[in-house]
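Let's take a walk through a protein together and see what sits where. Have a look at the sequence and the 3D view first, then read on.

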Amino acid sequence: GLGHHQGWQPAWRSPQPESRYDVIIVGGGGHGLATAYYLASVHGVRKVAVLEKGYLGGGNTARNTTIIRSNYLWDESSQLYEHALKLWEGLSQELNFNVMFSQRGVMNLGHSLQDMRDIERRVNANLLNGVDAEVLSPREIKERVPLIAIGGDVRYPILGASYQPRGGVARHDAVAWGFARAASALGVDIIEECEVTGLLIEDGRVRGVQTGRGEIRADKVGCVAAGNSSTLARMAGLRLPLESHPLQAFVSESLKPCLDTVVMSGAVHGYISQSDKGELVIGAGIDSYLGYGQRGSPHVIEHTAAAIVELFPSFSRLRMNRQWGGIVDVSPDACPIIGKTRIQGLYFNCGWGTGGFKATPGSGHVFAHTIAHDQPHPLNAAFSLERFASGRLIDEHGAAAVAH
Ligand SMILES: Cc1cc2nc3c(=O)[nH]c(=O)nc-3n(C[C@H](O)[C@H](O)[C@H](O)COP(=O)(O)OP(=O)(O)OC[C@H]3O[C@@H](n4cnc5c(N)ncnc54)[C@H](O)[C@@H]3O)c2cc1C
Ligand SMILES: CSCC(=O)[O-]
């Protein structure tokens, strides 16, 4: 295989775990790898270990539909996601790895007067925050998406859409590989097949983790385990306001280019884009039950396929190639939890639910700051655990779009 070629070098090292690090990151997904990269590259923290129970990037990073946008409603959210989007725009250069970020635009359809009022409100809020946003008429939608069924005898006529031109998609695996390679080159140890089975806590401080490969010590531990965040938190006696649900997606057989933007509909309840391989990449909402199964129920797929055919009747004869699921960590206000806990040195970055891929570089950047300084970055200060006690929630169920 490739490994026997002369001079072939792995993209990242696979060292044995050391007994002690300055910082341990639990979770080798996009957010965890980005956190480790920025800890090393921005904050000069050299002894960092990323502990991943499976293979890096194998969780939601491998399973998401890669939609990237920053058009959330509230100031706190749109500023955090816009920070991420600006990092996306230079990420391939930063990592010297093509993450295939394609700014092909993202549109969220409106099918009722209320939808259109919400769209106008969110577009104006975006513009006030310096986020690119437009309201499209049905004719402008049809010009961008010739195959979509706009009006006439459809059950949910399309009255317009919000559109973010700088939104788009990226290659999810490449993001994990790019961050892993760059972090490894800066001395970060990435250790796969190393499940954290316990958190070592003494006198209210974290002292390290218990793993399937023995104890590893550190005075700072950042947990970035997405759908498994609640189980990790329980290891520290913490209960997080999260629910873990399956979220499914599926892809069609490959087609000639027929859709060069992202179309999302909260009402009809599905979203779609076309990958560079030609597959239609389709998703919708979470399975309503709680689960860690990384799969889902057929009725959700049937509902999603019906929604897509409602929008694109000509897709009704397509064959679907693959279906899969991930575990999404959904919070009460559809916003992340990024910050400290009551245990000194223990930090959590979770609650991204169905929409954290788009935040990957921004999430890692602010979480690295939070760990390095033991204080939240201004952009994640509002996303603390305390908001669930104070009641200062940031409700983004509307902008979280389809999947919630
Ligand atoms: C089907 C689907 C579609 C989605 N579509 C989009 C989209 O279009 N746009 C968008 O913005 N978001 C989307 N998301 C959400 C997005 O994928 C997630 O919010 C985001 O990827 C979560 O962050 P992460 O990448 O670090 O998670 P993950 O990649 O899941 O990383 C967490 C890692 O932690 C590891 N881990 C867990 N427990 C332990 C332990 N005890 N010890 C060691 N390691 C552990 C896991 O193995 C995993 O690799 C989608 C998600 C799914 C499932
Ligand atoms: C899975 S929904 C994708 C998004 O949040 O834009």
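A polar contact is a pair of N or O atoms within 3.5 Å; within protein, one must be able to donate a hydrogen and the other to accept it, and residues adjacent in sequence count only if both atoms are side-chain atoms. Before we use that, some ground rules: this is a predicted model, where local features need pLDDT of at least 70, side-chain atom pairs count only at pLDDT 80 or more, and totals for chains, interfaces and linings use all residues. Residues are numbered from 1 along each chain as its sequence is written, chains are lettered from A and ligands numbered from 1 in the order in which they are written, and side-chain values use heavy atoms, with hydrogens and water left out.

Let's begin at ligand 2. Lysine 358 puts a polar side-chain atom 2.6 Å from one of the oxygen atoms of ligand 2, and arginine 69 has a polar side-chain atom 2.7 Å from an oxygen atom of ligand 2. Who else is around? Counting a residue as near if one of its heavy atoms lies within 4 Å, the residues around ligand 2 are Ile67, Arg69, Tyr72, Met264, Tyr271, Thr354, Gly355 and Lys358. On its own, ligand 2 has 240 Å² of accessible area, and the protein covers 96% of that (the areas come from the Shrake-Rupley method with a 1.4 Å probe; for residues, only the protein chains shown count as cover). Sorted by class, this shell has four nonpolar, two polar and two charged residues. Here Ala, Val, Leu, Ile, Met, Phe, Trp, Tyr, Cys and Pro count as nonpolar, Asp, Glu, Lys and Arg as charged, and the others, Gly among them, as polar.

Now move on to ligand 1. There are 38 residues around ligand 1, and Glu52, Asn60, Thr61, Thr65 and Lys358 come nearest. How does the backbone take part? A backbone N or O atom of valine 196 is 2.9 Å from a nitrogen atom of ligand 1, and a polar backbone atom of threonine 354 is 3.0 Å from a nitrogen atom of ligand 1. Glycine 30 has a polar backbone atom 3.3 Å from an oxygen atom of ligand 1. The protein covers 96% of the 1000 Å² of accessible area that ligand 1 has on its own. The shell around ligand 1 divides into 15 nonpolar, 18 polar and five charged residues. Helix H1 (30–41), H2, strand S13 (243–254) and S17 each supply at least two residues of that shell. These labels are DSSP runs numbered from the N terminus: helices are H or I with at least four residues, and strands are E with at least two.

Last stop: some strands. Two strands pair if DSSP finds at least two bridges between them. Strand S9 (residues 196–202) and strand S10 (residues 205–211) run antiparallel and share six bridges. Glutamate 202 has arginine 205 in S10 as its bridge partner, and glycine 198 stands opposite glutamine 210 in S10. Two residues lie between the strands in this hairpin, where aspartate 203 takes a positive phi near 50 degrees. S10 also pairs with strand S11 (residues 214–217), antiparallel, through four bridges. Here glutamine 210 turns up again, opposite glutamate 215 in S11, and a hairpin of two residues joins S10 to S11.
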